[in-house]
Amino acid sequence: MAIPGNDPEDKHIVHHRDPLEAIKTLLGNPAHAEHVVYRPKKIFSDASKSERIYNEMWTGDWWNTVQVSIDSTTHSGLPSGACVAPVIIATDKTQLTQFTGGKTAYPVYLTLGNLPRAIRRKPSQQACILIAYLSVSKMVGKQLTKKQKSTRIQQLFHDSMRIVLEPLIEAGKKGMEVTGGDGKVRILYPILACYVADYPEQCLVTCAKYGTCPKCQVNDDEMGGREAAGWRTQRRTSKLIRIAREKATSISNFQELCKVDNISGGVRHPFWEDFPHCDIHMGITSDVLHQLYQGVVKHLEHWCTSLMTTAELDHRIRSLPPCFGVRHFKNGWSQLSQVSGKERKYMARILLGCIMGKAPSQVIVCYRALLDFIYVAQYPTHDDSTLQYLTNALDEFHANKDILVDLGIRNHFNIPKFHSMLHYEECIRNFGTTDNYNTEMFERFHIDYPKEAWRASNFRNELPQMTQWLSRQEKIVMFQSYISHYQSEEEREEEILLGTT
């Protein structure tokens with residue numbers, strides 16, 4: 001792929017495969033045949049149906065709504081056996097080398113909401129498929145400014161994703177036949193439902209201006225409020241980009257027109273423009289790892305140093321008695337560097353105990369409210385009552401947050417990761433609980449796919465070798481799955497024969 005305006009020799013290679021074949025592979029796996037769900041459900045806590053329950057993706061509102069919208073567009077109803085396949089896409093750039101070399105990979109993962117989350121989360125179940133490696137080559141150009149390079153990188157990403165996911169457009173409109181693991185043939189409508197990414201990539205995917213919310217229209221200087229602004233919609237964003245494209249007299253003028261509406265201005269043709277039954281802003285999911293642990297908890301930890309000296313904080317942490325399930329930081333927190341998500345979880349468990357007796361009671365209430373939100377947001381099952389707990393925790397934080405300004409700890413709360421907490425309830429109602437789409441799951445896949453493939457290469461021109469290694473590994477796994485399924489069928493037949501004799 002060459003970028004217009006660049007040196008013709010400056011080409012970017014995208015290694016990809018057909019996402020429709022990946023969908024057929026996931027649904028055609030006989031090991032998962034009895035676990036695949038082909039239609040949405042509404043689950044209630046009692047016979048009166050007064051309180052909804054949300055857990056798996058098929059219990060959310062999105063699937064029910066899309067099923068009805070497809071039915072209405074066909075006018076004659078869905079053909080017998082037709083169903084929706086909610087496509088979950090995740091992208092995340094990862095480091096391949098540990099200390100030197102600076103080698104990176106940009107994998108694109110695909111999985112389906114038809115599979116239970118317990119299966120999707122396990123790499124051994126092969127319920128998530130790597131469908132592409134995006135280009136990580138640097139944008140070369142001596143005459144290009146930093147802003148121009150950023151713009152071209154954004155458009156390169158969208159052009160690449162368009163190439164990778166384009167087969168989903170036609171299949172989402174007309175459907176496709178898929179043979180399931182049970183041997184039945186169904187008409188399937190693959191719809192882009194969720195896009196899992198961290199905050200910078202959320203802005204990149206939705207074309208939102210960095211520093212604003214990719215889901216609502218709130219301005220960057222109003223993100224500290226309790227209420228969200230009007231929802232961004234895919235149709236509105238496409239319209240604003242098209243109007244700016246028609247009015248613009250230059251690239252810089254196009255960017256200025258876009259940024260008035262909190263659009264990045266780096267992309268003229270987003271990859272998701274023609275996707276049916278898809279709203280990319282709604283599909284951006286909540287991210288417990290980066291938003292809550294690497295965002296909110298990180299801020300709470302930093303604010304502790306404003307309440308007391310670093311030496312005193314370390315002393316308090318060392319003085320905490322050892323406890324089962326809680327990590328003991330024998331050197332405190334000040335000696336830690338490059339804190340991982342797992343360490344943030346351990347830090348959150350002792351955070352409240354570290355400030356007791358030192359911080360004002362109103363600060364403790366703020367900390368407790370945020371920690372309550374973090375833990376309630378991770379419930380494996382939600383209902384209307386537990387979602388109200390999330391609302392109550394947010395209300396309590398916003399009612400007491402001014403104490404942090406009065407103490408000089410913060411000047412404002414216009415922090416995107418704090419603002420993102422306003423959208424957790426909506427996301428859970430639409431797509432089920434947060435463990436359906438947490439980035440932590442895909443971070444784990446980095447180890448089994450790109451990094452293992454990198455170690456198997458000779459470290460030169462590695463991507464063709466990595467794709468070939470992945471293809472061979474998948475064939476071995478598929479053959480093993482076939483053998484185990486065939487053996488279990490034989491054992492079942494032998495049991496039936498022994499029972500009859």
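The model is predicted, so local features need pLDDT of at least 70 and side-chain atom pairs pLDDT 80 or more, while totals for chains, interfaces and linings use all residues. Residues are numbered from 1 along each chain as its sequence is written, and side-chain values use heavy atoms, with hydrogens and water left out.

N400 belongs to helix α14, residues 384–400 (helices are DSSP runs of H or I, at least four residues, numbered from the N terminus). Now show E396: its backbone oxygen lies 2.8 Å from a polar atom of the N400 side chain.

Next, select helix α8, residues 251–260. Its buried residues are N253, F254, Q255 and C258. Display α4 (146–165) and α7 (234–247), which are among the elements covering them. After α8 comes N262, with a positive phi near 60 degrees.

Finally, select α11 (310–319) and α12 (341–355), which pack at about 115 degrees with axes 10 Å apart (axes are lines fitted to C-alpha atoms over the stretch in contact, and angles run from 0 to 180 degrees between N-to-C directions). On α11, colour L313, R316 and I317; on α12, I350, G353, C354 and I355: these residues make the contact.

How values were computed
Buried < 20%, exposed > 50% of the residue type's maximum accessible area, 1.4 Å probe, protein only. Helix = DSSP H or I, 4+ residues; strand = E, 2+ residues; numbered from the N terminus. Contact = heavy atoms within 4.5 Å. Polar contact = N/O pair within 3.5 Å; in protein donor to acceptor, adjacent residues only side chain to side chain.
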